[in-house]
Amino acid sequence: MGINGGLFYKPANVTDCVKMFAAALAIGISLFHLYTGAMGIIQAYALRTIHLLTLMTLIFLFYPTGKGEDDKKTISWLDIALAGACLAIDIYLLYNNERYTTREWYVGEVTEIDFAVGWMTVALLLEATRRVTGWALPLVAMTFILYTLFGSYLPYPFTIRSPSFTLFIDHAFMTQNPIWAKHLGNTPPFGFF
């Protein structure tokens with residue numbers, strides 16, 4: 001029995017609605033992974049996109065930043081916005097799946113939307129990592145990102161040939177290498193068994 005004697009639970013506030021949505025999303029992604037792990041009928045890039053961005057959505061909902069009563073963390077509007085951004089990027093990438101998987105790497109066009117969505121994904125991934133693991137791993141990742149982008153300005157033994165910001169996003173976000181690499185491809189089918 002739900003609250004107020006009804007059959008279904010009636011959420012009392014926005015936090016309850018978000019918790020119900022997060023629980024439904026967690027159950028849905030678990031069932032999706034069980035199905036794809038058993039059947040294996042989805043293209044790799046789409047599977048990795050769904051896996052990473054849906055779990056990032058759950059991270060922003062299950063690891064909130066807001067402070068509530070007794071120093072208990074509550075979901076803030078920022079957490080909801082970041083979770084919504086992850087879902088929006090997920091939908092955008094699935095909608096453009098064919099273009100992403102059939103384009104020539106480093107030669108195909110990188111649109112302004114691709115550029116913005118790529119940087120948003122990198123920033124959201126770093127923030128999700130910080131929420132789960134603390135500051136150490138994101139700081140290491142940010143150090144290497146900054147070194148990649150600005151290493152050409154360092155003195156001789158440390159200098160590298162830095163790519164443009166567009167080429168960096170082309171490599172990190174629009175190919176199946178850094179963010180969508182094989183290690184991410186191994187997680188969905190086997191991680192839920």
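View 1. The model shown here is a predicted one, and in it Glu109 lies in the loop that runs between helix 4 (97-102) and helix 5 (112-133).

**View 2. The surroundings of Glu109.** When the neighbours within four places in sequence are left aside, the residues in contact with Glu109 are Arg99, Arg103, Asp114 and Met174. Asp170 stands 61 residues away from Glu109 along the chain, and the C-alpha atoms of these two residues are separated by 9.1 Å.

**View 3. Two cysteines, Cys17 and Cys86.** Cys86 has a relative accessibility of 0% and therefore counts as buried, whereas Cys17, with a relative accessible area of 40%, is partly exposed. A disulfide is a covalent bond between the sulfur atoms of two cysteines. Where a pair of cysteine sulfur atoms within 2.5 Å is required, the count of disulfides comes to 0.

**View 4. The chain as a setting for the close-ups.** The chain has 8 helices and 2 strands, and from the N terminus on these elements follow the order α-α-β-β-α-α-α-α-α-α. Of the 193 residues in the chain, 36% are buried, while the accessible surface of the chain comes to about 11,700 Å², with 68% of that area belonging to carbon and sulfur atoms. Among the contacts in the chain between residues at least 6 apart in sequence, 61% join residues that are at least 24 apart.

Note on methods:
Residues numbered from 1 in each chain as written. Predicted model: local features only at pLDDT ≥ 70, side-chain atom pairs only at ≥ 80, totals over all residues. Heavy atoms only, no water. Helix = DSSP H or I, 4+ residues; strand = E, 2+ residues; numbered from the N terminus. Buried < 20%, exposed > 50% of the residue type's maximum accessible area, 1.4 Å probe, protein only. Contact = heavy atoms within 4.5 Å. Areas by Shrake-Rupley, 256 points an atom, 1.4 Å probe, with all protein chains shown as cover.
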